[in-house]
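Q: Please take a close look at one chain of this model: how it is built, how its parts meet and what it touches. Then go on to the chain on the other side of that contact.

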Amino acid sequence: MKVDRRSFLGLGLGAVAGIAISPVGAKLTDDSSIWTQNWPWTPVPPDGKITYDQSVCTLCPGTCGISVRKIDGRPIKIEGQDTYPVNNGGACLHGISGLQYLYDPSRVKTPLKKNNDRFEPISWEEAITLVARRLGKIRENQSPETLACITDTNLGSVAGLFAHFLAAFGSPNQLTMPELESWLALTAQTLHGPGRTLGFDLDNADFILSFGAGIIEGWGSPVACFKANSGRRQRGAKLYQIEPRLSNTAGTADRWIPINPGTEADLAMAMCGVLLQENLFDPEFAAGFRGGLNRFNAMVQQKYPVDQVAAVTGISAADIKKTAIAFAKAKMPVAVPGKGRGDGAQSLKEFAAIHTLNCLTGNINKKGGTFVKPVPGYLAFPDPVQDAVARDGTAKEKLAGSAQELVTKIHRSDAPVVDTLFVYNTNPCYTLNNPVQTRAAFEKIPFVVNFTSFMDETAMASDVILPISTFLERFEDVPSKAGFAGTVVGLARPVVDTVFDTRSPGDALIHLAKTLGGTMGKSFDWPDYKTCLKSLVPGIWKDLSKNGHAVASQGPPAGRVTTDFAFLAENPPTMQPQGDDDFTLVPIDNMRVASTVPASSPFAIKTVSDKVIKGRDMFVEINPRSATGLADGGFAIVTTPGGSVKVRVNFNEGIMPGVIGMVKGLGHKFDNKYVAGKGVNVKELICPVIEPGSGLDAAFGIKAKILKA
Amino acid sequence: MIQDKKAHKFGMVIDLDKCTGCGSCTVSCMSENNIPFKEDESDKKDSITWMRVYRLTNGKSFPDTQIAYMPRPCQHCGGKGGHGHSPCVSVCPATATDYGYDTGIVSQIYTRCFGCRYCMGACPYHARYFNWWDPVWPEGMEKYLSPNVSPRMRGVVEKCSFCYHRYQLAREKAYYDGVDEIEEDAYQTACTTACPAGAIIFGDLNNPSHRIHQIVKPDPHPDPLNHDVVGKSRNPKVFRLLERLGTNPKVYYMSEREWVRKLGDNYLDGEWEKVKNHYGSASHD
Amino acid sequence: MSEIENKTEHGSMDGAKECAAEDPKDDTGLGLGVLFFIVAFLICFLSGWLLFPKLLYSKHEQPFSFDHALHVQETGDCESCHFLREDGTFSGIPKTQSCLDCHTDEPMGETEDEAVFTAEYVAKEREVPWYVYAKQPDCVYFSHAAHITAAGMDCITCHGHIGESASSRPYEENRLTGYSRDIWGKNIWGIKKNSWDSMKMDDCAQCHQEETGHKGYCLQCHK
C-alpha cells in the first residue's frame with residue numbers, strides 16, 4: 001500500500017465533497033455575513049418601560065419646566081414641559097443637553113482636599129470635620145466676619161440657607177455674583193424703592209425697544225423670550241434692537257440700530273429728553289414721580305441734547321427723535337435693558353435710564369408693559385439662633401458690596417481680608433473680568449471651600465471641594481426671575497439617584513452646622529434638606545409637590561408705583577472702558593455657548609460655528625472695513641490693557657467698524673477635552689471698571705488693538 | 001408597492017423668520033438619536049449633525065447686512081415626479097437606504113450600509129454623514145443612550161430619519177388604543193418639539209387637516225414648467241431648496257424676506273426675476 | 001509507457017520501483033485514492049452535520065429552570081405576564097417586581113428552581129438575567145402591538161409552543177454572530193416546517209409579503 005498523489009487528491013476531494021453537502025458552507029456564509037455587520041463594542045442601550053418625570057431646569061436663570069424621559073428609570077432625554085407656565089413646552093439646547101452634565105468628565109465624584117496643589121479624595125465625614133474645625137477656630141478667635149460666601153444668586157432656599165448659615169455664624173459677608181436679576185432688582189430699588197424687581201411682558205408688548213438685550217441670545221428666561229419673539233411676529237409687534245453688532249436678535253428685529261459700544265445710557269437719556277420735551281410722557285403715571293422730575297428734565301436737556309448724543313452714539317439725531325417718538329406713541333411700549341444676556345458687567349446708570357423710558361410712557365404694571373413687582377417672598381426662614389459672637393460679627397460692616405469688589409480688595413491687601421471663603425455654584429475665577437487677578441486673590445485666601453458639581457477654574461483654586469449633586473439629582477425650589485413677567489416657583493426634583501458620592505448643598509450645610517454644634521446646630525434644626533425645604537415653603541408646598549410648581553402671580557401687579565428720579569437727576573458718570581486704543585473689544589453672548597456655571601456641554605460645543613472655534617483657535621469678529629492689514633481667517637494678535645492673545649479673524653459685515661467681537665464662555669482651562677482648551681476666555685482681556693453708583697463692575701468691554709500675527 | 005390612498009407624506013415646514021439659530025433642534029436631534037461627539041467638532045465636514053443650522057447673509061455690507069438661519073434636516077426627497085427615486089436611494093448599491101412609499105420617509109439602515117458613500121455624493125443637501133470613527137462616550141455617559149435608535153458604528157453613513165422611531169411609538173399607541181389614524185400631535189420629530197421659537201411645523205402633507213398642509217398648500221399637479229417638480233407650494237412665501245432639480249424635498253422653508261427665498265437655489269444673473277413669480281405662486285389650481 | 005515513465009528508467013532504482021508500483025495493472029493507488037476520498041468525505045460530511053452545529057453554538061443554561069406550562073395553567077394566558085403596556089410597547093420578560101404580584105418572598109411550590117428565584121432574586125431585589133430565545137439584534141425593530149392587536153396574530157405563530165414547556169432548555173448562542181439559535185432555527189440547513197421555526201429577515205419578509213402584499217420598507221423593521 002502506498003500513499004501517493006492520488007490518495008491526497010482523494011482525501012482533498014472527499015473533504016470538499018463532504019463539506020459541500022454538509023450545511024457548513026451555507027451556514028458559515030450566512031453567519032460570516034452577519035458577523036461583518038456586528039460591532040460588539042458599540043453600546044446596545046437596554047429597552048424598557050418609558051416613563052416621564054417632571055422637574056425644573058436650574059442651569060440658567062430661565063427656570064424652564066422640563067420633562068425627563070426615562071427607560072426603566074434610566075433618564076435618556078430632557079424635553080420642555082408643555083404645561084410649565086414659564087416655557088410652555090420647548091427647551092433650549094443647554095437644558096436638552098442636561099443629561100450630559102450628569103456624567104460630565106469634569107464632575108467632582110467625591111469630596112476632595114487639596115494637598116500641595118494636588119487633590120486627594122476624602123470622605124464626606126472627613127471633609128465636613130475639616131471645614132468645621134476651621135470654622136470653629138474662626139469663632140474661637142471671635143472673628144466670624146472673616147468667613148465670606150459667594151453664591152450664584154440670592155434667590156431661593158439654597159442661597160437662603162447660605163445666608164442663614166452666615167447669619168448664625170456671625171458674618172455679614174454674603175455676596176452674590178452679578179446676574180440679570182440682581183441688576184433688575186437694583187434698578188427697581190433705585191427707582192421704585194427696595195424689595196422690588198422688574199419683569200417685562202414681552203408676550204403682549206407691541207413695541208420692544210431693546211438696548212442690546214439678547215432676547216434670542218439667552219437674555220432673561222430664554223425659551224419664554226424665544227416664544228415672545230415668535231409671537232411678536234405674529235402679532236405684528238415691533239422690535240428695535242440697539243447694539244453695535246448684528247446679533248441674532250438684531251437679525252430678527254424690525255430695525256437694527258447700530259450704536260457705539262457703551263453709549264446706550266446716553267441714548268436712553270436723550271430719548272427721555274425727547275419724551276419730556278415733546279410732552280409725550282404719561283401725566284397720570286407722572287403723578288407718582290418723586291425726587292425732581294423737573295431737575296431730571298433740565299439735566300437731560302442740558303447734558304444730553306439730541307445732537308450731542310447723536311455724535312456720541314453714532315445714531316443720527318433724526319433717528320433718535322423718530323425712534324423715541326415711535327416708542328412713546330406705541331400702545332404698549334417696553335424698553336429692555338441688559339446687554340447680551342444681561343449678566344456680568346452692566347451699568348446701573350444704563351439700566352435706570354432705560355427703565356426711565358418705561359416710567360415716562362406710564363406703561364408700568366399694565367398688560368404688555370413693564371412690571372414693577374415684589375421680589376418673590378415665599379420663603380419663611382426662621383430667625384437664626386445667634387450667640388454673642390454671631391451678633392457682634394453680623395453687626396460689622398460688610399467687606400464689599402460685590403464679589404468683584406471683594407476680589408479686588410483681597411488682591412490689593414497684604415493682610416488676609418478673608419480667612420475662609422465659601423463658593424457655591426459659581427466660577428468667579430472664570431466669569432469675573434480679569435480672572436488672572438481673581439485667581440491671584442483666591443490664592444491669598446487661606447481656606448476656600450467650594451460647593452460645586454464640576455472641577456472648574458474656581459474649584460481648582462479651592463482647598464476643600466464638597467461635591468454637589470446636579471439639578472437632576474436633588475430637590476430645590478426654583479423661583480422665576482431675570483425679567484420674567486409673572487412669578488412662578490418651581491420644584492426641581494431628583495429624576496435619578498446620585499451618580500457619584502454627592503449631596504444636595506442644603507444637606508451639606510445642615511451637616512456642617514450640626515457638626516459645629518451650639519447655636520449653629522440650633523439654627524439648622526432640620527434632619528435633612530427636603531424637610532427643611534418643606535418647612536420653608538409652607539404656603540406652597542402642596543402645590544409644589546403636587547404640580548411641580550406654584551404660580552405666585554400672573555399678569556400685571558396691582559398697586560401704585562412711585563418713581564424716584566434722584567439717582568439719575570444727579571447725572572452719574574457714564575463708565576468708560578480702560579485703555580486708549582482705537583478699537584473696542586466687546587464680549588458676544590452666543591446662545592450656543594454657556595458663559596457661567598456650568599460650562600457648555602459637549603453637545604453645545606458641537607453646535608458652535610467653525611467661525612467661532614476652529615480646532616483650538618478662536619475667532620474674533622471684525623468689520624472688513626476696519627480690518628486694515630488683516631485677512632479673513634488669518635491670525636491676529638489682540639492686545640488690551642488686560643493682556644494679549646492670538647486669535648483668528650472672522651470678517652463680519654454685521655459688526656460696526658472699530659469694534660472687535662469675541663464670544664463669551666470659551667477658553668476654559670479644566671480637564672474636559674470636549675469643552676475646555678478651546679479658544680480664549682474674553683474676560684482675560686477685560687479689566688473691571690467699578691461704577692460709583694452701584695459699586696459693581698460696569699466694564700462692558702475694553703479698548704484694544706489688533707495686528708496681524 | 002404600498003400605495004394605498006391612505007399613504008402618508010410626512011414633511012416639514014420651517015419658518016426662517018421665527019428661527020433664532022439657537023441650536024435646540026440640533027441638540028434635541030443629537031440627544032434623541034444617540035449621535036456621538038468627539039473632542040474636536042470644529043471640522044464641520046466630519047461633524048455629525050443630522051439637523052444642521054446654516055447661517056445665511058444677504059451679502060450686503062454694514063449696516064445693510066442681514067442674517068437668517070436655516071436648519072437643514074434630511075430633505076426626504078421624493079425624487080423626480082415624486083416617484084421615490086431619491087438621489088441617494090437611486091445610487092445605493094447595498095439597498096441600505098430606501099423610500100418608504102407609505103410615509104415618504106427615506107430610510108438608512110446602518111447594518112446594511114457598507115460605507116461606499118455614493119449616497120453622500122448624490123445628496124445635493126449634504127444631509128448625510130459618514131462615521132469615520134467608532135462612537136465613544138465618556139465613561140458612564142452611554143447610560144443616557146436611547147434604545148429606540150441603534151447606535152452606529154465606524155464605516156457607515158447616517159442621516160435624519162424624521163425620528164421614525166417616534167412614528168413607530170405613535171403607531172404602537174394607536175394600535176393599543178384601537179385607533180386607525182395617528183393624531184397630528186402624536187407623531188412629531190424631536191427637533192419640532194424642542195424648537196423654543198415654534199419655527200418647525202411637522203405633519204402629513206397628504207392630510208388637509210394638518211397644519212403643514214394648510215401652510216404649504218402643496219400643488220396636486222406637477223409644475224407646468226418642469227414636470228419633474230411635484231408638490232410645489234402654492235404659498236408665495238414657501239420654497240424648497242434647489243427645487244428646480246426635481247428632487248422634490250418634503251422639507252419646505254418659509255420666509256417673508258425675498259433675499260432668503262432667493263438663497264434657496266443658485267440663480268444666474270437676472271434669473272431670479274424671471275422665475276420668482278413662478279415660485280410659490282399658484283401657476284394653476 | 002509514456003515518455004515521462006521512460007525517462008525514469010534513467011533515474012534511480014527507487015524511481016523504478018515507484019514506477020512499477022504505479023503499473024496500471026496494479027490499481028491499489030486508485031483504490032487508495034477512493035478510500036481516502038470516502039474516508040475524508042465521511043469525516044467531513046459527518047462533522048459538518050453533527051460536530052459543526054455543536055461547535056458553532058455555545059450553550060448557556062438559564063439562571064434557573066422556568067415552568068411555562070405551570071404558569072400558563074395558573075394565570076390562564078400569556079398576556080398575564082407578557083403584556084402590552086398602555087403606551088402600546090411590549091413589556092417582554094417580566095421584571096421581578098411583576099412576579100411579586102403573585103409570588104411572595106416565600107416559595108409557593110417546592111421546586112429547587114423557585115427556591116433559587118426567591119433566594120437569589122426576590123430576596124436580593126435583583127432582576128433575573130434570563131437568556132431570551134427570541135432576542136433579535138439591536139438593528140431590528142419589532143412591534144408586538146402591530147402583530148397582536150392590529151394583525152390579530154397569536155403568540156404561537158412566532159414563538160411556538162413555549163407556553164407548554166415544563167422546563168427551560170439551554171440557550172444556544174452562535175459563536176460567530178452572537179445571535180440566538182432560534183433566529184436561524186434548530187435545523188442547521190435552515191429548513192423550516194413551522195412558522196416559528198426560524199425568525200430571520202426572510203421569514204419576516206415572507207409573511208409580510210403573504211399578508212400585506214409587500215415585504216415592507218426598511219424602517220418598518222429596522223432602527
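A: Two residues are in contact here if their C-beta atoms, placed from the backbone, lie within 7 Å. The model is predicted, so local features need pLDDT of at least 70 and side-chain atom pairs count only at pLDDT 80 or more, while totals for chains, interfaces and linings use all residues. Residues are numbered from 1 along each chain as its sequence is written, and chains are lettered from A and ligands numbered from 1 in the order in which they are written.

Domain bounds come from an automatic or database domain assignment, which divides chain C into domain 1 (3–59) and domain 2 (132–221). Between these domains, five residues of domain 1 of chain C are in contact with eight residues of domain 2 of chain C. On the domain 1 side, helix 3 and strand 1 (57–60) of chain C are the elements that give two or more residues; helices (H or I, at least four residues) and strands (E, at least two) are DSSP runs, numbered from the N terminus. Strand 1 of chain C has the largest share of that side, with three residues. By class, the side of domain 1 of chain C that touches domain 2 of chain C has three nonpolar residues, one polar and one charged. Here Ala, Val, Leu, Ile, Met, Phe, Trp, Tyr, Cys and Pro count as nonpolar, Asp, Glu, Lys and Arg as charged, and the others, Gly among them, as polar.

Taken whole, chain C has 11 helices and two strands, and from the N terminus on its elements run α-α-α-β-α-α-α-α-α-β-α-α-α. Of its 223 residues, 17% count as buried, that is, 20 or more other C-beta atoms lie within 10 Å of the residue's own, with C-beta atoms placed from the backbone. Of the contacts in chain C between residues at least 6 apart in sequence, 61% join residues at least 24 apart.

Chain C also meets chain A: 31 residues of chain C are in contact with 29 residues of chain A. Helix 3 (residues 28–56) of chain C gives the most to the chain C side, 19 residues. That side is made up of 20 nonpolar, eight polar and three charged residues.

Chain A touches chain B as well, with 60 residues of chain A in contact with 50 residues of chain B. Helix 8 of chain A gives the most to the chain A side, with seven residues. In that side 31 residues are nonpolar, 16 polar and 13 charged.

Within chain A, an open sheet of three strands has the order 14-8-19, with mixed pairing; two strands pair if DSSP finds at least two bridges between them. Strand 14 (370–374) and strand 19 (483–484) of chain A are at the edges, each with a single partner strand, so one side of each has no neighbour in the sheet. Strand 8 (residues 196–200) of chain A runs parallel to strand 19 of chain A, and two bridges join them. In this pair A:Gly199 stands opposite A:Gly483.

A hairpin, with two residues between its strands, is formed by strand 4 and strand 5 of chain A, and A:Asn116 in the turn has a positive phi of about 50°. Strand 4 (residues 112–115) and strand 5 (residues 118–121) of chain A run antiparallel and are joined by four bridges. A:Asn115 stands opposite A:Arg118.

Terms used
Buried ≥ 20, exposed ≤ 12 C-beta atoms within 10 Å, placed from the backbone.
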